[in-house]
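Open your viewer and get ready to select residues by number. This short tour tells you what to pick next and what to look for there.

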Amino acid sequence: MFDDLRDLYQEVILDHGRRPRHGARLAAFDASAKGDNPMCGDRVQVFVRHDGGRIGEVGFEARGCAISIASADLMAEVAAGCSDAEIHDLAQRFRELARSGAAAGDDAAIERLRPLAGVHEFPSRVKCATLPWHALLAALDGKGEASSE
Amino acid sequence: MNVTTRPALLDIEAIRAEFPILQQQVRGRTLVFLDSAASAQKPRAVIGAMVQAMETQYANVHRGLHWMSERTTEAYEGTRDAVARLLNAPDRHEIVFTRNSTEAINLVAHSYGRGVLRPGQAVVISEMEHHSNLVPWQMLRDAHGIELRVAPVTDAGELDMAALEALLADGKVGLVAITHMSNVLGSYTPAERIAALAHAHGARVLFDGSQAIVHRRVDVQALDADFYAFTGHKLYGPTGIGVLWARRELLEAMPPFMGGGDMISSVTWERSTWAEVPHKFEAGTPAIIEAIGLGAAIGFVESVGYEAIAAHEAALTEHALARLSAIAGVHVLGRAQDRGGVVSFTLDRAHAHDVATLLDRQGIAVRAGHHCAEPLMRRLGVDSTARASFGIYTTQAEIDALAESLLRVREFFA
């Protein structure tokens with residue numbers, strides 16, 4: 001019935017959407033920002049803890065669809081260990097992945113995010129996937145709030 | 001709950017044949033359009049009237065001394081008569097054309113709110129307002145020192161009348177502005193009782209009729225309303241045209257909303273004087289073609305008849321509530337006694353957006369999100385809902401298709 005939707009809702013997305021591993025506020029964090037999609041009401045707040053100049057851990061609190069929760073969770077997973085500059089680069093490539101279905105590079109991080117590429121066929125859902133990244137960048141840049149608009 | 005025993009007052013196949021879009025295929029399936037509360041589809045009568053106006057009798061209104069302008073003015077003003085008849089307004093000059101309900105309410109918030117209400121007075125809205133009947137009053141509150149009070153809804157999704165009365169008790173309320181039918185819960189509000197209560201406490205009353213007028217006959221005199229707003233595009237008409245009805249003495253007392261052409265009596269460098277109502281509130285070239293389309297839409301609705309529409313939609317709503325409530329994991333919001341063809345629901349383990357995407361894959365269009373009613377969502381303790389809404393062309397088979405598709409969606413997210 002939904003064979004054509006398996007591109008959008010791959011098993012990894014359903015799994016992380018249902019049981020996010022990083023879906024909690026960190027006990028200690030040094031950066032945080034909220035993201036808001038006013039069109040659909042999705043909200044996310046990300047928390048970042050740096051360890052020795054690199055990201056030690058990312059956690060988030062969110063309300064939203066399976067796509068946005070899974071995207072936030074996979075983002076938190078791949079962000080750990082990255083420098084802020086690497087996050088900026090990765091975020092840019094992920095946005096490209098969500099919008100066009102393809103992204104430069106074959107590093108482990110972008111490969112881990114590739115199951116979300118299916119959103120590019122659903123224009124109204126692209127922002128669901130990119131919202132957590134807007135929030136993460138806002139946190140790293142010291143802005144309190146991000147919007148997917 | 002056997003709905004098939006109701007008399008068939010409405011020839012559904014004949015009505016569906018009037019809506020060309022219903023023949024469209026979406027994703028390889030015949031469109032099941034359950035999003036009429038966001039915007040309704042258009043019958044041939046509306047499409048044809050707009051095309052015909054542009055092809056045969058188009059010019060600007062109210063200013064040409066030539067044949068084309070006179071014919072166009074007649075058609076445009078003919079819609080004013082049609083609206084007056086639709087609402088049973090006592091005076092056609094009480095019909096103001098706006099872009100939509102939002103603009104109609106903003107007009108009242110601006111012109112009545114700043115021109116007539118005084119700082120220290122209060123406006124009462126309800127917890128189940130669309131943002132269009134909420135944000136204009138917040139803006140008035142912040143700009144003009146008006147207190148904004150919010151009447152709660154009960155857990156059943158009905159307006160809490162006792163709480164409303166308590167909010168009116170100190171006599172400070174100048175205006176009660178409340179929806180006539182919730183766009184989320186489908187609940188009707190008891191408009192006659194609200195008007196009587198407001199008047200007893202010295203307040204005027206505005207109804208946001210965006211949803212209600214689609215589903216049942218509205219008689220502003222029987223309701224004893226002071227203001228009534230609705231939009232054309234939900235009533236099978238085009239976008240870009242809405243209506244504010246208000247008692248003439250209120251319109252006379254209100255300053256203009258926007259300045260420009262068509263709303264003046266005379267203009268000099270020193271001062272301008274205003275045209276008579278309703279033109280005082282219709283600055284600039286109006287939505288001429290859209291107004292003509294609205295006239296055709298009203299004609300279409302009246303030719304079907306509100307009694308038949310109401311019976312048809314009551315049967316659909318009853319059927320939808322029965323079918324959806326029978327699905328384990330589906331939760332219908334609200335259980336108002338008096339409700340119309342709008343049903344919001346949630347599905348366990350699945351977010352409304354995911355539900356909507358999966359339904360869309362089966363050719364079923366529903367709305368998902370906060371429905372421009374975020375405070376109500378918080379009141380109901382949900383982030384978002386999926387919403388199926390019905391129109392004159394909706395069939396029981398379409399509701400069955402929704403119910404069956406929801407079973408598959410539930411399985412997908414199990």
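What covers the buried residues of α6 of chain B? First, some ground rules. This is a predicted model: local features need pLDDT of at least 70, side-chain atom pairs count only at pLDDT 80 or more, and totals for chains, interfaces and linings use all residues. Residues are numbered from 1 along each chain as its sequence is written, while chains are lettered from A and ligands numbered from 1 in the order in which they are written.

**Stop 1: helix α6**

Select residues 161-168 of chain B, helix α6. Helices (H or I, at least four residues) and strands (E, at least two) are DSSP runs, numbered from the N terminus. Find Leu164(B), Leu167(B) and Leu168(B), which are buried (20 or more other C-beta atoms within 10 Å of the residue's own; exposed means 12 or fewer, partly exposed in between; C-beta atoms are placed from the backbone). They span an arc of only 100° around the axis, so they sit on the same side of α6(B). The arc is that of the directions from the helix axis to the C-beta atoms. Now turn to the other side: Ala162(B) and Ala166(B) are exposed.

Next, show the cover. It includes β5 (122-126), β6 (147-151), β7 (173-179) and α7 (191-200) of chain B.

**Stop 2: a sheet**

Move to the open sheet of four strands in chain B, ordered β13-β14-β17-β16, with antiparallel pairing (two strands pair if DSSP finds at least two bridges between them). Its edge strands are β13 (330-332) and β16 (367-369) of chain B. Select β14 (342-347) and β17 (385-389) of chain B: four bridges join them. Phe345(B) stands opposite Ala386(B) in β17(B).

Terms used: Two residues are in contact if their C-beta atoms, placed from the backbone, lie within 7 Å.
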